[in-house]
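Please keep the sequence and the structure in view while reading.

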Amino acid sequence: MADKDGLKVAKDYLAEVPFANMGDFHVKGAKNLDWGMKKHLSNIFDPKTGKTVMFAFDHGYFMGSTAGLERLDLIVPTLTPYVDVVMATRGALRTCVPAECGCGVALRTTSGSSMINDDLSHEVVAVDIEDAIRMNADCMAVQTFIGADGQLSSIDNLSQVINAGFKYSIPTMGVVAVGKEMERTDRFFKLATRIVAEMGCQIVKSYYCENFEEVVAACPVPIVVAGGKKLPEDEALTLAYKCIQGGAAGVDMGRNIFQSTHPVEMAQAVRKVVHEGFTDKEAYQFFQDLAHRK
Ligand code: 5RP
């Protein structure tokens, strides 16, 4: 066991200095990957902007039917024209997402939690690599519980999926989970995102926090930010704006899109922030104009 005494606190993130190993590829940390991985990453991160709008609707895997997602078959096809990637379970994808939708696919591969027993830190790998290949997944999402009860088994899950992903050139997205008893500080996210990235995944999904640009600087792969609980639309667009300003490679938004009063218009407004350089205020004005036109 490494001696923890006398460890120095990391502090020199040089957040203003761009990542040094981009080469000529648009995805952070991916320069040295093979063609197959790069092709999948290009299906996720738009080569023109290097960013992505992921639409997460995998909530059913631990929450069952969720407000706004009662009818996946009705809501999802209205949104796919406006997002780059759908993040979902294989059950939702196969039953409710048109295969011709043109979006990249972030396939949820771990499972085992549920709201009923409140055990949200123990999961297993529920989807094997063969099925991820059959579904043409562009990345495989694995929940990780750093600092929680399920840390060891979730790191085991993550390693299994990353190893299989390298075998067949499918990227892995490590999802940093936050629990009731876990702090949402930059200290925690610097630790968790870095651990997950150093395990070898190609994308990290995490949360916005103070000093977010330092979290991004210390993480050698792209960070996409979860939307989290439903906020008023203007605040959700401010969150998206701050993430992009802080160096996020995109957002992976669920409730703030599908629980919006106007989900389609909200997805388009988020897109403006992520891909077109809109400020949060400009994007909110755009959202209101679209919504009032209906
Ligand atoms: C849970 C997830 C979910 O996909 C994600 O949190 C859902 O998005 P949102 O928080 O924006 O509703 O990864 O860990």
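## A loop residue to begin with

In which loop is Ser260 found? Ser260 is found in the loop between α10 (255-258) and α11 (263-276); here helices (H or I, at least four residues) and strands (E, at least two) are DSSP runs, numbered from the N terminus. Ser260 counts as buried because its relative accessibility is 7%. The term buried means under 20% relative accessible area, exposed means over 50%, and partly exposed lies in between (1.4 Å probe, protein chains only).

The side chain of Ser260 is joined to that of Glu233 by a polar contact of 2.7 Å. A polar contact is a pair of N or O atoms within 3.5 Å; within protein, one must be able to donate a hydrogen and the other to accept it, and residues adjacent in sequence count only if both atoms are side-chain atoms.

## Basis of the model

This is a predicted model, in which local features need pLDDT of at least 70 and side-chain atom pairs count only at pLDDT 80 or more, while totals for chains, interfaces and linings use all residues. Residues are numbered from 1 along each chain as its sequence is written, and side-chain values use heavy atoms, with hydrogens and water left out.

## The ligand and its surroundings

Around the ligand there are 15 residues, of which Asp58, His59, Gln143, Gly254 and Arg255 come nearest; a residue is near a molecule if one of its heavy atoms lies within 4 Å of it. By class, this shell has 5 nonpolar, 5 polar and 5 charged residues. Ala, Val, Leu, Ile, Met, Phe, Trp, Tyr, Cys and Pro count as nonpolar, Asp, Glu, Lys and Arg as charged, and the others, Gly among them, as polar.

A polar side-chain atom of Asp58 lies 2.5 Å from a ligand oxygen atom, and for a polar side-chain atom of His59 the distance to an oxygen atom of the ligand is 2.7 Å. With Gly228, a polar backbone atom is 3.0 Å from an oxygen atom of the ligand. Of the 360 Å² of accessible area that the ligand has on its own, the protein covers 96% (areas by the Shrake-Rupley method with a 1.4 Å probe).

## Two residues with positive phi

Most residues other than glycine have a negative phi. Asn136, however, has a phi near 60°, and its place is in the loop between α5 (129-134) and β6 (139-144). Asn136 counts as exposed because its relative accessibility is 53%.

Ser169 also has a positive phi, near 60°. Ser169 lies in the loop between α6 (151-168) and β7 (172-176). Is Ser169 buried or exposed? With a relative accessible area of 13%, Ser169 is buried.

## Separation in sequence and in space

Tyr13 lies in the segment before α1 (35-44) and counts as buried at 19% relative accessibility. Tyr13 and Val215 are 202 residues apart in sequence, and their C-alpha atoms are 8.5 Å apart in space. Gly68, in the loop between α2 (60-63) and α3 (72-79), counts as partly exposed at 23% relative accessibility. From Gly68 to Pro263 the separation is 195 residues in sequence and 9.4 Å in space, C-alpha to C-alpha.

Ala106 has its place in strand β3 (residues 104-108) and counts as buried, at 0% relative accessibility. Ala106 and His26 are 80 residues apart along the chain, and 19 Å separates their C-alpha atoms.
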